[in-house]
Amino acid sequence: MATRQRVNVQQPLRRLIGYARVSTDDQVHDAQIDELRAAGCDRIYQEHGSGASRARPVLTRLLGELTAGDVLVVVRLDRLARSVSHLLQVIEDLEERGVHFRSIRDPIDTSTPQGMFSLQVLGAVAQLERVLIAERTKAGIKAARARGKLPGNPGLRERRPEAIKAVSKAREKLYLDELIASAQTWLPMVRQLRPHHSWDNVVRVLNRRGHDWTVERLRRAVHRLVREKLAEKELLARSPRRAAEDHLMKLVAAIALADPDLSLRDIAAQLDQMGERPARGGKKWQPSSVRDLLDKAHRFGLIRR
């Protein structure tokens, strides 16, 4: 029986982090800040932005900086999310990372059973919301066809340059909005691994956690966030070239960082599934080989015990 050794990544102390948002520049955050401070928030992030807008750079940065044990606190649910679906997406992403969420004026506190029950109720509401939107869309298309109107953009059908330009601009904005909305689910891991790890290894780690990236799409996404000043330019730096065994060392370190609770045998099984061959020969990875690579990664400063 192999010893089940765990790789421990240092965790910060529990923190209460507040987020305050107002819709227009002539509104002020004072009332929200007072309530957040009274709730015990150590730090408070402030943002101006419409409730319907996906572009919230302050929120994106905050979500990326939260770590396991932290509690994200808002005064009301509408300060955080655009819709019930968006709220659930944010909370689920936080829960996967061990971060809790609390709304002061609503019965939502994911660290309590009552709060989790309220979250389940919201999930049912979000499902109903999606069904109603789909039904209204189908009814609108049917009514338009009954009046002899073709669906779609007339300008695009006629290949008008101004229409093509407008659609291209809208698609680019939608792409950026979707990146910003999803960044908290993948950007923290990119920040943790780049540039010490290659893009190939980063993509492997993210996809093992349920994502569906390619190297080209991930690099494009990071480039865009850097251009918008929502991510650090250092993420795009060239990763150092190393020998084949060093590639394996960095891959093992990346796997351990992505999931610190994995045992040596678990990491070995993942390497087998990835089709990686042991550096010292053989067909299957052994826990001892994984331990050697983790020790080497520790000496290089890629992981901390």
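Predicted model: local features only at pLDDT ≥ 70, side-chain atom pairs only at ≥ 80, totals over all residues.
Residues are numbered from 1 along each chain as its sequence is written, and side-chain values use heavy atoms, with hydrogens and water left out.

The chain has 11 helices and five strands (DSSP runs numbered from the N terminus: H or I of at least four residues for helices, E of at least two for strands). Of its 305 residues, 40% are buried, meaning under 20% relative accessible area, with exposed over 50% and partly exposed in between (1.4 Å probe, protein chains only). Take the contacts (heavy atoms within 4.5 Å) between residues at least 6 apart in sequence: 66% of them join residues at least 24 apart.

Now for two residues:

| Residue | Location | Relative accessible area |
|---|---|---|
| Ser 23 | loop between strand E1 (16-22) and helix H1 (30-38) | 35% |
| Val 125 | helix H4 (residues 113-146) | 42% |

Ser 23 counts as partly exposed because its relative accessibility is 35%. UniProt, in an unreviewed entry, puts the feature "active site" at Ser 23; such annotations may be inferred rather than shown by experiment.

Val 125 is also partly exposed, at 42%. Together with Phe 117 and Val 121, Val 125 makes a nonpolar surface patch of about 270 Å². Patch residues have over 30% relative accessible area and no salt bridge, with like charges joined within 9 Å and nonpolar side chains (Val, Leu, Ile, Met, Phe, Trp, Tyr) within 5 Å; a salt bridge is a side-chain nitrogen of Lys or Arg within 4 Å of a carboxyl oxygen of Asp or Glu.

Notes:
Areas by Shrake-Rupley, 256 points an atom, 1.4 Å probe, with all protein chains shown as cover.
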